[in-house]
Amino acid sequence: MEIAGAGTYITGMSEASALEPADRVSLIGMDRAELARAVAEIGESEKAAKLRAKQLWHWIYHHGVDDFARMSSLNGPLRQALADAYTLARPEIARLQKSTDGTRKWLLRFIDGQEAESVFIPEEDRGALCMSAQVGCTLSCRFCHTGTQRMVRNLDAREIISQFLVARDSYGEWPSPRDGRMISNIVMMGMGEPLFNYDNVAKAIRIAMDREGLSISRRRITLSTAGVAPLIERCGAELGVGLAISLHAVTDDLRDELMPINRKYPLAALLDACRRYPGATNARRITFEYVMLKGINDSPADAKALVQLIAGIPAKINLIPFNAWPGAPYECSPTEDIARFAAIVNKAGYSSPVRAPRGRDILAACGQLRSHSMRAPRSAGAAKSPPPPAPRAAIS
Ligand code: SAH
């Protein structure tokens with residue numbers, strides 16, 4: 001498969017191999033117990049099913065195989081029975097774009113026609129895959145492009161982990177390398193709010209962390225939340241991944257305006273949850289993300305208030321220059337103002353890196369993701385028909 005250059009794109013990859021057949025159940029996204037049940041359903045004994053599930057797991061997540069015929073440790077009739085009942089196909093790549101800085105963005109189309117984006121951000125010898133949790137978003141943060149799209153639906157565990165498999169396929173990074181991986185990290189920072197889809201996100205993250213498969217250490221996984229305070233502690237206790245909080249404002253008044261979720265979980269509740277986050281230590285600090293909006297939240301007084309607000313929390317502050325999108329109501333703070341803000345935070349003892357914008361030319365930077373997916377109309381007739389195909393707007 002070829003990748004389009006900056007500003008161009010490939011659509012309708014109809015020649016792509018093994019598109020998801022709607023009539024077969026996918027094994028991707030199942031946990032081990034579900035895999036064992038799936039194998040039992042096609043005739044393996046309970047006892048054999050457990051071993052078969054282990055073998056399948058290895059083929060699916062260690063070798064990245066999407067064709068049962070390649071599973072050489074399974075006998076021929078079983079491979080055939082699996083292929084008749086199940087699939088390992090990936091979602092359709094509706095579009096793949098490559099930025100001048102090497103960032104790649106996939107628009108994935110799922111069986112029901114809904115779409116979500118994921119982004120790979122390469123560093124010199126490794127990189128992070130930014131994955132989506134939902135199609136659209138309920139949050140409506142005013143500075144975020146995804147927020148202008150209405151919530152369509154949650155992604156299921158299969159759709160979430162498929163984003164990782166697709167990225168790995170594209171780098172040919174199979175079997176899961178032990179060291180020197182290109183796709184070394186996962187950030188749940190794409191479309192949607194991961195903690196509003198906790199069960200599916202947790203299931204996908206557990207698959208990613210499994211040492212007999214993709215084997216991405218929890219230290220290399222970060223989940224970003226706009227502040228669903230009641231679920232933050234659970235996320236730390238159950239998954240133990242790194243936590244990032246989209247803070248963006250230091251007063252409830254401003255945060256209410258920028259991020260409506262603050263009206264439900266105000267700053268005090270949010271910071272309280274952060275103080276209780278299991279595993280937050282100086283070695284594993286909580287990241288506070290802070291988007292720099294010109295004249296809105298970028299004054300020296302804001303920087304000082306920020307430092308006071310997070311006092312006592314092992315933290316680093318990630319300053320994100322605002323990434324514009326068509327019709328955005330804000331501008332990015334001038335470089336000098338960002339530097340001044342960073343210096344104040346830094347002087348107070350917090351690391352305050354400024355996040356280099358990546359993939360802006362293909363709308364792949366923080367807060368720029370958006371798909372054309374729409375919620376189907378509620379009328380009975382319309383509910384039965386598939387959603388209309390997404391318009392393929394050209395991106396210059
Ligand atoms: N819903 C989660 C996951 C999204 S992460 C969350 O809010 O944390 C995406 C990050 O990019 C968030 O910190 C978000 O606030 C930030 N962001 C959104 N729009 C942005 C923009 N236009 N420029 C820079 N950062 C933005």
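**View 1. Lys47 sits in helix H2, which spans residues 46-62.** Helices here are DSSP runs of type H or I with at least four residues, strands are E runs of at least two, and both are numbered from the N terminus. This is a predicted model, where local features need pLDDT of at least 70 and side-chain atom pairs count only at pLDDT 80 or more, while totals for chains, interfaces and linings use all residues. Residues are numbered from 1 along each chain as its sequence is written. Is Lys47 buried or exposed? Lys47 is exposed, because 9 other C-beta atoms lie within 10 Å. For these labels, C-beta atoms are placed from the backbone, and a residue is buried if 20 or more others lie within 10 Å of its own, exposed if 12 or fewer, and partly exposed in between. Ala36 is 11 residues from Lys47 in sequence, and their C-alpha atoms are 9.3 Å apart in space.

**View 2. Arg109 belongs to strand E5 (residues 104-109).** Arg109 counts as buried because it has 23 other C-beta atoms within 10 Å. Leaving out residues up to four places away in sequence, Arg109 touches Pro91, Glu92, Ala94 and Glu115; contact here means C-beta atoms, placed from the backbone, within 7 Å. Follow the chain and you will find Ser373, 264 residues apart from Arg109, yet their C-alpha atoms are separated by 9.4 Å.

**View 3. The largest nonpolar core has 113 residues.** Such a core is a set of buried Ala, Val, Leu, Ile, Met, Phe, Trp, Tyr and Cys residues joined through C-beta atoms within 7 Å. Among the residues with the most contacts inside this core are Leu27, Phe164 and Ile186. Helix H2 gives the most to the core, with seven residues. Setting aside neighbours within four places in sequence, Ile186 is in contact with Ala128, Leu129, Met131, Phe164, Ala208, Ile216, Arg220 and Ile221. In soluble globular proteins, nonpolar side chains tend to be buried together.

**View 4. Helix H9 (residues 267-275) has Leu270, Leu271, Ala273 and Cys274 as its buried residues.** They lie on the same side of H9 because they cover an arc of only 155° around the axis, the arc being that of the directions from the helix axis to the C-beta atoms. What do the buried residues of H9 pack against? Their partners are helix H6 (229-238), strand E12 (242-246), E13 and helix H10 (300-309).

**View 5. Around the ligand there are 17 residues, of which Cys144, Ala226, Ser246, Cys366 and Gly367 come nearest.** A residue is near a molecule if its C-beta atom, placed from the backbone, lies within 6 Å of it. Strand E11 (221-225) and strand E13 (286-292) are the elements that give two or more residues to this shell.

View 6. Pro175 lies in the loop between helix H4 (157-171) and strand E10 (185-188), and the peptide bond from Trp174 to Pro175 is cis, with omega near -15°. Ser140, in the loop between strand E8 (134-135) and strand E9 (153-154), has a positive phi near 55° although it is not a glycine. Leu363 is found in the loop between helix H11 (335-347) and helix H12 (380-384), and its phi is also positive, at about 50°. With 21 C-beta neighbours inside 10 Å, Leu363 is buried, whereas Ser140 is partly exposed, with 15 other C-beta atoms within 10 Å.

Note on methods
Contact = placed C-beta atoms within 7 Å.
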